[in-house]
Each structure stands twice: as C-alpha cells, then as structure tokens.
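Open the model in your viewer and keep the sequence panel beside it. The stops below are given as selections, each followed by what is there.

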Amino acid sequence: MSHQDFLRRLPEAGQGLRRRDRLQQRLHLDFTLLLLLLAVAAYGLVVLYSANGQSVSGIQRQGAYFLVALVAMFVTAQVPPHLLRRLAPWMYGGGVLLLVLVLVLGIGAMGAQRWLGIGGFRFQPSEVMKLATPIMVSSYLGQRLLPPRLKHVLLTLILVAVPPLLIVQQPDLGTSLLVASSGLVVLFFAGLSWRYIVTAFVAVLASIWPLWRFGMHEYQRQRVLTLFNPEQDSLGAGWNIIQSKTAIGSGGYSGKGWLQGTQSQLDFLPEGHTDFIIAVLGEEFGLMGVLLLLGLYVLIIARGLLIALRAQDSFSRLLAASITFTFFVYMFVNVGMVSGLLPVVGVPLPLVSQGGTAIVTLMAGFGILMSIATERRRVTRQE
C-alpha cells in the first residue's frame, strides 16, 4: 500500500470507529468488555465438554444458560445508574426477604437448603445478593461525604453483615464470603481510614478462635485442616485436593491434549465440571492454557477498573469497583482452592464452571458495568 492510499483510507477508518461508537451508545454496551466475556465463555465451553464427560446435552444446557445470561446483561445495561440507585433499597430488602424464605421454605439438596422453587423453576436467592448488597452499600455511601464517618461505617457494616449471616445458615460459606466481600470492597474504595482497617484486622484475628470453635460446622473445620495436610485423609476429605494437584501437575507446560486427561476422563477428579474445572484445563491444556484463561480474566478486570475510574459519580465508581473486585475474588478463590492454597469453599470458576444462576447473576453485573461505562455518553446526548 502506498503512502497516498494509506492517507486516503484514514477518513474511512475514522468513520468506521464513529459508527461503532454510535452503535455502542445506542445499545449501551461496551464491545471490548463483551468480546472478552464471549472469549472466556467460548473457552469455557470447550473445557466443559471434556470435564462433563463429552456430554452434548450438558453443553447445550450451559449454552442456554449463557444465552439467558446475555439477555440479563443486555437488560441491566439499559438501566441508568441513577435509576439503579433509587431501586437499591427495594432490591436489598427483597433479597433479604428471599433469604429468610429459603430458611423456612427452601428446597434442600446434598445437605444444604439454598434454593427456592417457583412454578417448577429453582433458583438461589443468595446469588441475587451478590448484586443487591454492593448496589445498596454504594447507594448509601454515594450520597454522603467521603471518606465516610464512623456512624456511616457502622451502618454500612450492618448492611453488609445481614445477608452473609443468613446465607451461612443454609449453609453456604463460599457465597456468604463473596457477598460480604462485595459489600466490604465498596467501603474500602470509599476511602476508609487506615485506622478503621487496622482495627478491623485486629478484630478478625481476635475472632478466629471463637469462629473456629462455635461458628463453623465440623465439615468446614475439616476443610481447613485438609488444606494443611490433605494426605492425612487421602481417601476422604483430602481426595479432591490431591487429585486436583495431580491433574494440574501432570499437565506440564502444554498439557496432555483436549479430551486426553486421565484424572478427569477416568473420574478420579470429583466435581470436575464445577468447582475443580480449572484442574481439567491444567491437565489437558497445561500451563499455557491456564495462563491464557488468566490473561483473559486480567483484561476483563482491567477493563472494569477503567470503567470505574471514568464513572460519572461516587455511586457509579463504587459500584463498578465492587463488581470488578467481586469478579476477581471469584477467580482468586477458585484458583486458590483448586491449587491447594485456600480451603475448598465451593466457589465456581467464573464463566467457565457449569451453573445457571451464578452465570446469570455475573453477566447481569457486567451489564451494570456497561451501563456505567455508557453513562457519560448518555448524559452528553441528553445535554
């Protein structure tokens, strides 16, 4: 291509970018973030096909979940942040009411009572609180001078504490930690004084023994003990983590090949399609396959933080930061527990593990991120 041809094509490229920007404004979508999410989901379906015993019906079901999740993302992207702020108390109150109903009327399975059934459809209200809690806390703190004063910090802690206390009764320690972290990160990004942070850290240290002795179930204590010495009960509580580390280690640099993993294909690895799916990925695609997925995750997190930095007001900034950080916690906790660095708490790998309600909630959160990202353009058009 000559220099003159390159210069002639510059206006055409600029028009293409403007058309794409206008389309993003019209749909209230962030195409960069959307493409990254689609890439992770597609990669996840490839891994899930192997982890789920090469079940076509399983992939079709997960694909259907993701289509519903995309619709949820598109719907939440159309909701302006100021309207979301007004709805925050109703969402939070409704979510807490559903959690109470779970304890009274919930559907039990595998020793846990976490679901509500409506018209043959089953869902987890605790997943709703992953969005309702940070929205409520962001709404409360976003209307006040920052950094927050002590009375506002205390009330925020009450708002954050109520949902996890109800969720942990189901019992579901993993989700309760995620909900708590989604609210606490809002408080942190609101400019919380280091004096409060140090005080909280000391309080957490002081509460470790009472929590261990009186606040945890026996199976939860066993999970912590297994973290430090899984070989102590290699055929019982330590089986999952031993098989997981064996699968990841055997994958080496480039893996054994798709559908060629012995730990997963021969059913040595429990829950390979849900909590331990990254062990399947590590065995079949090796270190490079894991780094590819983590790289996509990092790009999603970077995009979310950029949206938070560019947000119009305190509410939007706090909420965008919380949604992004919660996604990071999902990833960090799952990878940590599968690799033996954290206790097994039942946190799925975001956009990869099999599941319905979790992926819909996650994508709805990204829809809110996109709404925040396009709010500047929305305001500009109105002016």
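**Before selecting anything**

The model is a predicted one. A search over the whole structure returns four salt bridges; three of them are visited here.

**Stop 1: Arg-85 and Asp-313**

Select Arg-85 and Asp-313 and show their side chains. They meet in a salt bridge, with an N to O distance of 3.9 Å. That is inside the 4 Å cut-off used for a salt bridge. Arg-85 belongs to helix H4 (residues 81–105), while Asp-313 sits in the loop between helix H12 (277–309) and helix H13 (314–338), so this pair ties together parts that are 228 residues apart in sequence. Colour by accessibility next. Arg-85 is partly exposed at a relative accessible area of 24%, and Asp-313 is partly exposed at 28%.

**Stop 2: Lys-256 and Glu-283**

Now select Lys-256 and Glu-283. This is another salt bridge, and its closest N and O atoms are 3.2 Å apart. Lys-256 is in the loop between helix H10 (239–251) and helix H11 (262–265) and Glu-283 is in helix H12, so the pair ties together parts 27 residues apart in sequence. Which end is buried and which is partly exposed? Lys-256 has 33% relative accessibility and counts as partly exposed. Glu-283, at 0%, counts as buried.

**Stop 3: Lys-130 and Glu-127**

Move to Lys-130 and Glu-127. Their salt bridge has its closest N and O atoms 2.9 Å apart, and the two side chains are also joined by a polar contact of 2.9 Å. Both residues lie in helix H5 (residues 125–142), three residues apart, or about one turn of the helix. An α-helix has 3.6 residues a turn, so residues three or four places apart point the same way. Are these two buried or exposed? Lys-130 and Glu-127 are both buried. For Lys-130 the relative accessible area is 7%, which is under the 20% limit for a buried residue.

**Stop 4: helix H5**

Where is the kink in H5? Centre on Leu-131: a kink of about 30° lies there, shortly before the proline Pro-134. Of the 18 residues of H5, 16 are buried, so the helix is largely enclosed by the rest of the structure.

**Stop 5: helix H7**

Select residues 173–189, which form helix H7. Its 17 residues should span 24 Å at 1.5 Å a residue, and the end C-alpha atoms are 24 Å apart, which agrees. How many residues of H7 are buried? The count is 12 of the 17, so H7 is largely enclosed by the rest of the structure. Among the buried residues are Gly-174, Gly-183, Ser-176, Ser-181 and Ser-182, together with Leu-178, Val-185 and Val-186.

**Stop 6: a nonpolar patch**

Switch to a surface view and select Leu-97, Val-100, Leu-101, Leu-103, Val-104 and Leu-105. These residues make a nonpolar surface patch of about 530 Å². Leu-103 lies in helix H4, the helix that also holds Arg-85 from the opening stop. At 35% relative accessibility, Leu-103 counts as partly exposed.

**Stop 7**

Asp-30 counts as buried, at 4% relative accessibility. A polar atom of its side chain lies 2.9 Å from the backbone nitrogen of Leu-33.

Next comes Ser-353, in the loop between H13 and helix H14 (357–373). Ser-353 is buried, with a relative accessible area of 6%.

Finish at Arg-310, in the loop between H12 and H13. Arg-310 is exposed, with a relative accessible area of 52%. Its C-alpha atom is 7.5 Å from that of Ala-373, a residue 63 places away along the chain.

Notes
Residues numbered from 1 in each chain as written. Predicted model: local features only at pLDDT ≥ 70, side-chain atom pairs only at ≥ 80, totals over all residues. Heavy atoms only, no water. Helix = DSSP H or I, 4+ residues; strand = E, 2+ residues; numbered from the N terminus. Buried < 20%, exposed > 50% of the residue type's maximum accessible area, 1.4 Å probe, protein only. Bend = angle between axes of the 7 residues up to and from the residue. Patch = residues over 30% accessible without salt bridge, like charges linked within 9 Å, V, L, I, M, F, W, Y side chains within 5 Å. Areas by Shrake-Rupley, 256 points an atom, 1.4 Å probe, with all protein chains shown as cover. Polar contact = N/O pair within 3.5 Å; in protein donor to acceptor, adjacent residues only side chain to side chain. Expected span 1.5 Å × (residues − 1).
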